[in-house]
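Let us walk through this structure in two steps. We begin with a single residue and then turn to the ligand.

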Amino acid sequence: MINSDKSVIIVGAGIGGLATAVRTALKGYRVSVYEKADSCGGKLTEFELGDYRFDFGPSLFTMPQYVLELFKEAGKDPKDYFTYKSLPEACRYFYRDGTRFTAPTSEEEFVKIASRTFDVSEKKLKAYMDENRKIFENAGEVFLTHSLQKVETWLQPKVVKSLFHSYVLNMLKSMHQVTSKRISDPRLVQLFDRYATYNGSSPYKASSILNSISSLEHEYGTYFPVGGMAHIAKSIENLAKELGVIFYYNKTVERIKYVGNTVQGIEVDGKAILADIVVSNMDVHFTYERLLQKSTARLEKREKSSSAVIFYWGIDRSFDELGLHNIMFSDNYEEEFAAIFEDKTLPADPTIYINISSKHSPSDAPANAENWFVMINVPADFGQNWDQEIVQLKQKVVSTVSEQLEVDISKHIAEEWIADPRTIAEKTVSHRGALYGTSSNHWLSAFLRHPNFSSEFKNLYFVGGTVHPGGGIPLCLLSAKIASDLMN
Ligand SMILES: Cc1cc2nc3c(=O)[nH]c(=O)nc-3n(C[C@H](O)[C@H](O)[C@H](O)COP(=O)(O)OP(=O)(O)OC[C@H]3O[C@@H](n4cnc5c(N)ncnc54)[C@H](O)[C@@H]3O)c2cc1C
């Protein structure tokens, strides 16, 4: 332990804030976390509806190594805090033309079964997937684990090499452009295009460098955390507490205090609390607007990521055709993304994602019943008439799902709660309810995201899904690592 005389305050106990708490405690700092809600997790929380348990937000867990690393660096056995199952099946896909495809996690199996289902040879598909993996090997490590705004990053030869390869590998072309050139079957192109939604973007706009996301699932696998997704946050909170981190819940931070350009602490309940370092895990937009009372004009210019409407349905029967992750594709993906990002309206014919954690955790639903998390990608909140839109959306979702399963699903919804961009914005203090802060639709998005430090204020750092390297659990965990490494 070093630096034990230094204190750190973290604003927010989302996954990024929790990981930062562990990392700064391991640096020997005295760490306190102030959280507005009554428990940790932010978007990564859970709730009950009748006899059904639901995770509020994330449902897909990849790259567990970034969670495990926190426990290992603390000298603990991760298994004492956190366990998870490795999943042989990545996702079940349903197409309107009747095609069904269960995607295995193993790349070898995926190639074999996909080439039997779609119009693609094993050789062609393998070559395309190898290419995606190479993009990740070349660029992923640099973009995800370094601060892009520090000169030291660009002095490393591997960074220059990786950037060169990224450009060679069509950074200026969209994901869809590159995939549809390599693969001719539109159903398989749609499957790969879907990975743009992993950071709330459009495959028709996001750089083809993001095709590398698909390789992560096959390279690192997909997992199911025992106890549900929310358990990831709780286990990191437990570790942080053991390391001496103090958590203050139901405490809304009102200001970040600074004198000149040096941050000195925070204000809570009208009282100043001093610290050597402040880390904001709050949405970066609101950190500037509410805590620093600074202009957000530059942040406003960046396009927001997509948001979601989620139907949390307690279903009174089970469906063998469905697995943990299921996608029912729309017929016109391009129109769907144009609605979300150009028109900022709900897609008329949306792709439907259904997650059913009770498939792996039977206690999440009564016997022979299932907890369905039914998510539709929609635009961020720009004042749309959500109440009206959701009525129409529900009709469409019920009719598509009923058609695919050949059962009138409306008769089996025993419990229901609906979240929309307003709910997400309010519950998790997310600007316009965007799931991942800004979109990655611009080819320079990686460079345009807010860095993990402040160039204006000394001793101020930023972590979480709205800053570098981006949204999603693995990237939030990496933001904590980058920010903590920058502190001295
Ligand atoms: C519906 C949905 C589905 C998703 N699906 C996936 C998925 O499948 N896989 C995946 O990896 N990711 C997914 N994500 C994204 C993922 O949830 C986020 O990127 C990640 O959880 C964000 O973590 P964070 O560290 O930014 O903190 P957040 O979760 O945003 O938490 C921020 C915390 O700060 C607190 N706070 C805010 N203001 C203050 C204040 N003034 N004072 C004190 N506390 C404050 C909030 O209460 C909150 O607890 C999904 C998100 C949503 C909403």
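Start at alanine 90, in strand E7, which covers residues 89-94. The model is a predicted one. Is alanine 90 buried or exposed? Its relative accessibility is 6%. Buried means under 20%, so alanine 90 counts as buried.

What does alanine 90 touch, beyond its neighbours within four places in sequence? Its contacts are Ala103, Pro104, Thr105, Glu217, Thr222 and His325. Lysine 181 is 91 residues from alanine 90 along the chain. The C-alpha atoms of these two residues are separated by 24 Å.

Now move to the ligand. How many residues surround the ligand? There are 31. The closest are Gly16, Glu35, Lys43, Gly465 and Gly472. By type, the shell divides into 14 nonpolar, 13 polar and four charged residues.

Look next at individual atoms. In glycine 465, a polar backbone atom is 2.7 Å from an oxygen atom of the ligand. Valine 253 places a backbone N or O atom 2.9 Å from a ligand nitrogen atom. For serine 59, a backbone N or O atom lies 3.0 Å from an oxygen atom of the ligand.

How much of the ligand does the protein bury? Taken alone, the ligand exposes 1000 Å². The protein buries 95% of that area. Two or more residues of the shell come from each of helix H1 (15-26) and helix H17 (473-486). H17 gives the largest share, three residues.

Notes:
Residues numbered from 1 in each chain as written. Predicted model: local features only at pLDDT ≥ 70, side-chain atom pairs only at ≥ 80, totals over all residues. Heavy atoms only, no water. Helix = DSSP H or I, 4+ residues; strand = E, 2+ residues; numbered from the N terminus. Buried < 20%, exposed > 50% of the residue type's maximum accessible area, 1.4 Å probe, protein only. Contact = heavy atoms within 4.5 Å. Near = heavy atom within 4 Å. Polar contact = N/O pair within 3.5 Å; in protein donor to acceptor, adjacent residues only side chain to side chain. Areas by Shrake-Rupley, 256 points an atom, 1.4 Å probe, with all protein chains shown as cover. Nonpolar A, V, L, I, M, F, W, Y, C, P; charged D, E, K, R; others polar.
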